[in-house]
Structure formats: structure tokens, C-alpha cells
Amino acid sequence: MGYDMLFSPMKIGNLEIKNRVVMAPMCMGFGQFDGRVTEAMHNHYVERAKGGVGLIITEISRVNDITGAASFGQLGVSHDYQIEGLRKMAQDIHSYGAKIMVELHHPGRQNLGLMIGTVPLSVACDKIMGKAYARLLTGAIIPPGKKLQDKDIVPRTVAPSKCEKSKMAESVNRGLTKTGIKKLIRQFVDGAVRVKKAGCDGVELHAAHGYLIQQFLSPNTNKRNDEYGGSLENRMRFLMEIIDGIRRECGADFPIIVRLSVDEMYEKIGQKGKGYDLQEGLKIAKALSDKGIDAIDVSSAAYDTFNYWLEPTTFECGWRKYLAAEVKKVVDIPVLAANLIRSPEQAEQQLEDGIQDFVSLGRPLLADPHWVNKVRQGKENTVKRCICCLYCFESMENNAYRYTHGNCSVNPFIGRDNVKLKQNGNGRKVVVVGSGVAGLTAAELFSKRGFDVTVLEKAETYGGQINLADKPPHKQKLHWCVDDLYTNAKENGVKFEFNTLATPEILDSFAPEIVINATGANAVFPKPFQKENVCTVTDILNGRVVLNNKKIAVIGSGMTGLETSELLCEQGNKVSIIEMADEIAPGAYFQQLDDALPKLKAAGTQFFVSSKLTDIQSDCVVVENTKTGEKKNIGADFVVLSLGCRPDNTLLDEIKDGKNYKVINIGDSVKIGRIANATQAAFDAVMSVE
């Protein structure tokens, strides 16, 4: 496939973009208190420019420090001192032929109350005492602050009018005064002026995903009765006045893109009639086109409908392309859209079909910063694909108050794009035992360093635990990560021996300098529960046990238990999920739960929390309430245990002492973790070898 359209130039306003690939805005937390560009942020964006992308749109960039700072590591355009770092980054991005625009943002009600006023305090402490002390002080504020936020004893976030709390942020809000609105409009305009002074190529106004501008557009969050509320024209006034101000201050030749949720997607979560739908979203898009903006970046949803703008693995690629297609019918300007694009074939097809003019790649460019160049050079088989696991956003959120950044499950170089692998392998031999994520990552990276690498795998193919994780409904994307690791390892000369159970004797025959033990883990199966009508999730996922039209008790409600339950429901079984904790899937990421639980409930799944398994009988399980001690029987023909895994260190115990090679244990054979933990452990292992 030639990808002629994908690599053809096109203009946004008067700005020519060398190809149709846009890096979508993603906040990863590479910044610092004062909003200046950091080295990590600079390297992150420049690496994507080097990788061939045509246009980079930066992460959410604050225009207001008091109510509009969404993260300690966020880019800012709220002060003149932030211009210089942005200028240097723009220059380096331009050196690779790419363009850069800055996304102007205010979170509105979707901010955390404990963030209100915190960033200016941190900046002041940084100036007076230094960054280390500022972090200590802020770190002391955040934990008790979260407890106070749960009780609504924190400053209120701002919104067009007082309205319901936002999901995830869940902060009490207050309506903006008219003076406050005018001040924010001025701050958006001032931010755009700074972007232009920095030599960047334009701005994108973030009117999507439930942030402040979208809150003005939505009747769900804008209940004002003045000129900024009520009719659609009035609800658009805040955005229109920002556009007018930018045009006035920056000129007609300074491109403005609006990122717009054209459907709030409330109907998808059973709340039809709430907010605005596609029909009103199209009216907004047309009005913006008629206003004379330079392009529209089509998106959808908000925090309340989170999975419909930042999709989990189960969503079909291109599922929301219809949104961009409908917008194209009513506007006369270029249309950008992400549309969950995961392959160059899909990108080219959607361009050819006239669905959109530019392809926005967000998470795919985290997974592989050189996506564009690999495709252009005919090496698309070596692209590391995004598997939609959501770890980038989850880790960014978890790290946002720890002064570090988000990560990517399949790319351990995130945040350290300037790190180069030493080229000193010189043919030294490395044997990797196990071809799961950790083993494959280690094999690829060692081979890139010039080591002679052989992988021994006891199974008939690569994949390890991923060969189980991809079996629940619509989880096939997960296998991409091991497919891509295997392809890249083979491309770099790694040799594979399948159906080979590693032993000390076999390892000795290779005379290796290094052995990587990546033997993974096995499902926990307590002896008291080893009965004829009992198996583990492994037996269900690998197909050894197939159940139909049974009453099944699944013990354990972690994500593996929930996803295995989905498969069991799909196979026609009635499932009861037994959880000892007081809630289902304690500690699981909310987006994964929002994806799985409605499907399980629709299939008639029953949930029992605070319930400890005490006995398994032929037709039921006996559980004890952990609070009351009361016992009850729950009918079940078969029981599936989802009690976690234990590291498999059988080989490690035999080789860790007294050998002529160095042994490094990585992945689940050290500690049970996720894909990201496996790639990180492999990266660390490879970097530790001199």
C-alpha cells in the first residue's frame, strides 16, 4: 500500500503541513511547577518530530495558574518567562520539518479542588527555597488535601455555573462571575500571544473532553441566564470571544484549531437527553467554520463519559469515525480526528474515504515515536502498536502528584527519549528464558546493543501470559505487544527455540555470559480447593476447560476474574463473582471497571462482596460474610479460581548460584505485575549490563 494521501501535504490556514499525521495533545507530566519546558518534555516532542510527524499539538497548556492548573507537570503559557523554553523547543521541532501548535486549556469543574491555588504556592516556594523543598511542602499538602477533598473542604473549582460534580474529579464547583469570564477570555488570548512570540505555528483551543470551554457549550454544565448561557449562540459566546481576541492580537494568518467534542455521549451511558448530542455538536462545528477558524479537531465525550474519548482495549478501531464524517459534511475547513486509528492502512482508508483530512495519533506516538518514518520507509511491520491498555493516562494520573510523568506499557523509553543504548555487545552471548513481554523486550534490546541473543521457550509459540490475557471478548489487541516485540527481535537477529524447556545443561551448552530468567508465573491453586469441579482462570483462558450452560462461581474479582467472567458469560454460563473485599475489583483502574461491569451486569452476573470462600461442594460454594460472620450457600456447578499468580522460579533456583554466567531475574518471575512492569524490568536489566 502506497499511503499516497497519508504522505501528501495539506494546509491549515496558510500553514503547510508536510503530511497528514498530527500528534494529538496528551498531558504526560513532563513539566514543572512554573510551566516552563523541561528537558524531558523538549526531548519527548522533538523525538516525535524526528520520527516524521507533520504537526505536533502540545499537551494541555494552562493560561491561568490559580484555577486552571491541572497538573504540577503541565506546560504553561500564563507568563512571559515560559516563552523562551517553548521557543527553543519549537526551533528544534522545526529543524525536522514538523510544525508545532500549543493547546490552550482550562479544566473548569474537572479540576481538583486541592489544585486551586496550589501551583502558585509551589512556584513561590520553588523560587524561595528551591525545587526540592517546594516538592516536600507540596507533598505534605497533597495527602491531607485529598482527604479534605473527599469531604468537600477544599476551594471550589470554577464552571460556567454551579452544576453537578464531574466524575473522577468530583470537586464542588462555583459559577464564574461575568468579570471572571472576561478575565479568562483575556488570559486565553494572552496565552496565544505568548505562543506566537515563541515562534510556534498556531494554537488549538480545547473545547472537548468536558473542560471549561466545553462546559460553556453544554446545557448540562451551563445554566446561566445571561448572554453566556441559555441559547446555543449564547453558550458559544465564551469560545467565540476567545477566537475574536486571538484574531485581533495575533492576526488572521495565525492558525486557530478548535478541538471539539461533537457529542457528549451521555446516551452511551444510559442518560439520553443530557448535555448535547451530535446534532447540536454539528451546529457548533458549522458555526465555528463560519466564524473562520482554520481547522476543527473532532473528538467526543467528557469525564462523565470517559471511555468514549479515551477508549479501552475492547473498543473497535475507527468506531467513532462517523463523527468526523458528519462534521466534514457541514464545514469548509480541514478536519482532524483521532478515531482510534492503529494502522497506516486504516489511516489511509479514512483519508481516501473523505472521513477526515488529517490523522491524529496520540497514544500510537507514545508507543512508537517513529511510527511515521517506519511507515514511509515501508517498515510498517516494525511499528510498535498501541494496545489501548490506558496505562499512559492511568500512570500520568498516579504520578501527577509525585512530580514524575506518565509511561507507556510497550515503550520503556518514555520520558528518556535521549537515552541511547550502548553499542558494546560485541557478539557476547545472552540466553533469555521465556518469551513473554519481559523476555521479548530484553531480547530485542540486548540484540540492539550487539549481543548474540537466543530465546528459549517451553511453549510452541511466544507470548507468555499475553496468550491468556487476550482471550476474553475483544481483548485481541493485547497480543499486538508480543507480536511487535517478536517481529522487532527477529529483525535484529534474535534466535528463537520453541518447545524447549530450559535446564542448567541446556544453558551451559550455549556458554552464555548472561542468562535472563523471564519464566513468568503460575496461577494460585490452593490444595484444599483442588476438586473435580474446580479450575483456575488459566484453564478457562487457555481452553483446557470449556464450560457451557453452567452456574459458575468465579472466586476473585480482580480484572482477570472480571474478564474471565465475561468470557464465561459469552459462552452461555450464569456467573456469580465472589469477592472477599468490600468492593468489586479493589484497586482496579476506573476505566477498566466502567468497561467491564456494565457488560457483566447485562449478562445477569451476580456480585457478592465481603464474602470469603470457605468450602466448595458439588452444587454450591459456601461463603462467610467478613463483617457479620454469617454463612450462606451460593449455587454453582463449577468453580473458577482467580486468586492471582505466584512467580515460577523453578529454573532460577537451579542456576542462581555457582554458574559461569550472570543471572538476571525479571518480570513476573520476580514480582507479579503488568505489561508496563515487564517492559520496564527488561529495560532496567539491559541498561544494567556494561
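Predicted model: local features only at pLDDT ≥ 70, side-chain atom pairs only at ≥ 80, totals over all residues.
Val-431 stands opposite Thr-454 in S15, and I start there because a strand pair, by the rule used here, needs at least two bridges found between the two strands by DSSP. Strand S14, residues 429-433, and strand S15, residues 452-456, are joined by five bridges in the parallel sense.

Residues are numbered from 1 along each chain as its sequence is written, and side-chain values use heavy atoms, with hydrogens and water left out.

The pair belongs to an open sheet of five strands, ordered S16-S15-S14-S17-S28 with parallel pairing. At its edges are strand S16 (495-497) and strand S28 (662-665), each of which pairs on one side only. From one strand to the next, the twist averages 20°. Helix H15, residues 437-448, packs on this sheet and touches S14, S15, S16 and strand S17 (514-517), and its direction makes about 165° with that of S15. Contact here means heavy atoms within 4.5 Å, and the angles run from 0 to 180 degrees between N-to-C directions, with axes fitted as lines to C-alpha atoms, for helices over the stretch in contact.

Next, helix H17, residues 478-491. Its 14 residues should span 20 Å at 1.5 Å a residue, and the end C-alpha atoms are 21 Å apart, which agrees; the expected span is 1.5 Å times one less than the number of residues. Eleven of the 14 residues of H17 are buried, where buried means under 20% relative accessible area, exposed means over 50%, and partly exposed lies in between, with a 1.4 Å probe and protein chains only. Among the buried residues of H17 are Trp-480, Asp-483, Asp-484 and Tyr-486. Their cover includes H15, helix H16 (466-469), S16 and helix H23 (675-688). Just after H17, Gly-493 takes a positive phi of about 95°.

Turning to a helix pair, the axes of H1 (residues 39-50) and H2 (residues 83-94) come within 9 Å and cross at roughly 20°. H1 and H2 are therefore roughly parallel to each other, a class that takes angles under 35 degrees, whereas over 145 is roughly antiparallel, 65 to 115 roughly perpendicular and the rest oblique. The residues making the contact include Met-41 and Tyr-45 of H1, and Lys-88 and Asp-92 of H2.

Finally, which backbone setting do we find at Glu-170? Glu-170 has a positive phi of about 50° although it is not a glycine, and lies in the loop between strand S7 (157-159) and strand S8 (173-175). Ser-610, in the loop between strand S22 (606-608) and strand S23 (611-616), likewise has a positive phi, near 50°. Glu-170 is partly exposed, with a relative accessible area of 48%, whereas Ser-610 is buried at 5%.

Definitions and conventions:
Helix = DSSP H or I, 4+ residues; strand = E, 2+ residues; numbered from the N terminus.
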